[in-house]
Amino acid sequence: MTTLKQKTVLVVGGGSGLGLAVARLARDQGARVIVASRRAAERLDAAPGGGDLHALAFDIGAGQSAVQALLDAVGEIDHLVVAVRPAITAAPLAQVDEAEARGAFEIKFWGQYRLARAASERLRQGGSIVLTSGIAGERIYPGMSTMALINGATETLCRMLAVELAPLRVNAVSPGFLAPKPAEMEAAAQRFPLPRLGAVEDVAEVYLHLMRSGYATGTVSVVDGGARLL
Ligand SMILES: NC(=O)c1ccc[n+]([C@@H]2O[C@H](COP(=O)([O-])OP(=O)(O)OC[C@H]3O[C@@H](n4cnc5c(N)ncnc54)[C@H](OP(=O)(O)O)[C@@H]3O)[C@@H](O)[C@H]2O)c1
């Protein structure tokens with residue numbers, strides 16, 4: 001197992017939620033961490049423990065030139081983590097707004113696709129990419145088709161890149177339902193084998209493991225308290 005000391009970790013979408021937890025944990029393990037999102041500086045200023053993370057403004061939906069500008073600003077990278085969440089309205093497939101679904105694909109799927117392809121040329125030897133999928137897709141939940149399709153495509157992208165970019169390592173994390181969530185979801189989580197919603201810190205550990213583990217590639221690591229089993 002390698003260490004993250006002195007490594008450069010770029011966390012795209014790291015201004016809140018899961019990405020912020022990954023950024024903090026990587027920083028605590030000695031990495032130089034750069035957080036990129038549209039309002040990264042503002043978000044980090046407001047986040048406990050966010051102040052000493054380096055922020056860059058970046059819109060993952062702004063196309064290839066924005067990706068190149070971000071990577072130019074960061075310089076050489078050891079690990080790239082992507083954890084962006086697009087806005088999606090829950091609705092039965094027949095009623096999904098197609099423009100919204102395409103917009104969500106643009107942010108989460110095509111965003112990860114573009115970043116991974118461009119970063120692969122910049123990552124130092126021994127580096128890795130960690131993408132984010134999610135439990136929707138692994139399990140089919142009514143009203144969550146857009147995220148299910150994006151997550152399925154993301155996991156296929158992970159396996160594809162792991163083969164084509166080897167020996168660069170490419171992995172993905174599939175989180176379950178993370179707090180905070182509405183009360184009815186909190187109640188539903190009492191039926192999970194581990195009867196609670198996940199904490200972002202529970203899942204952040206797995207991103208760190210995949211960065212450090214020199215023999216993990218093409219892996220989708222599920223961290224869901226067993227929710228997918230029910
Ligand atoms: N939370 C859950 O229960 C859960 C469950 C399964 C999977 N996941 C997955 O885990 C990942 C992280 O989820 P989360 O709940 O932690 O997310 P979150 O906190 O809601 O959002 C993560 C970040 O995405 C950034 N973002 C959104 N649009 C962006 C854009 N166009 N360009 C750059 N950054 C953008 C936002 O920063 P800015 O606003 O500053 O851009 C935000 O800080 C997502 O892929 C999500 O689908 C989450």
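Student: On what basis are the values computed, and how are residues numbered?

Tutor: The model is predicted, so local features need pLDDT of at least 70 and side-chain atom pairs count only at pLDDT 80 or more, while totals for chains, interfaces and linings use all residues. Side-chain values use heavy atoms, with hydrogens and water left out, and residues are numbered from 1 along each chain as its sequence is written.

Student: How many salt bridges does a search of the whole structure find?

Tutor: Side chains of opposite charge can pair when their charged atoms come close. A salt bridge is counted where a side-chain nitrogen of Lys or Arg lies within 4 Å of a carboxyl oxygen of Asp or Glu. For the whole structure, the search gives a total of ten.

Student: How are helices α3 and α4 oriented to each other?

Tutor: Helices (H or I, at least four residues) and strands (E, at least two) are DSSP runs numbered from the N terminus. Axes are lines fitted to C-alpha atoms, for helices over the stretch in contact, and angles between N-to-C directions run from 0 to 180 degrees. Helix α3 (residues 64–74) packs on helix α4 (residues 98–119) at about 45°, with the axes 10 Å apart. Since angles under 35 degrees count as roughly parallel, over 145 as roughly antiparallel, 65 to 115 as roughly perpendicular and the rest as oblique, α3 and α4 are oblique.

Student: Which residues of α4 make the contact with α3?

Tutor: Contact means heavy atoms within 4.5 Å. On the α3 side, the contact is made by Q64, V67, Q68, L70 and L71. On the α4 side, the residues are R114, L115, A118 and A119.

Student: What is the orientation of α4 to α6?

Tutor: The axes of α4 and α6 are 10 Å apart and meet at an angle of about 15°. This angle makes α4, relative to α6, roughly parallel.

Student: Which residues does T146 contact, leaving aside its neighbours within four places in sequence?

Tutor: T146 lies in helix α6 (residues 145–164). The residues in contact with T146 are I88, V96, A101, A104 and F105.

Student: What separation do the C-alpha atoms of I129 and T217 have?

Tutor: Not counting residues up to four places away in sequence, I129 touches several residues, including L80, A116 and L165. T217 is 88 residues from I129 along the chain, and their C-alpha atoms are separated by 9.3 Å.
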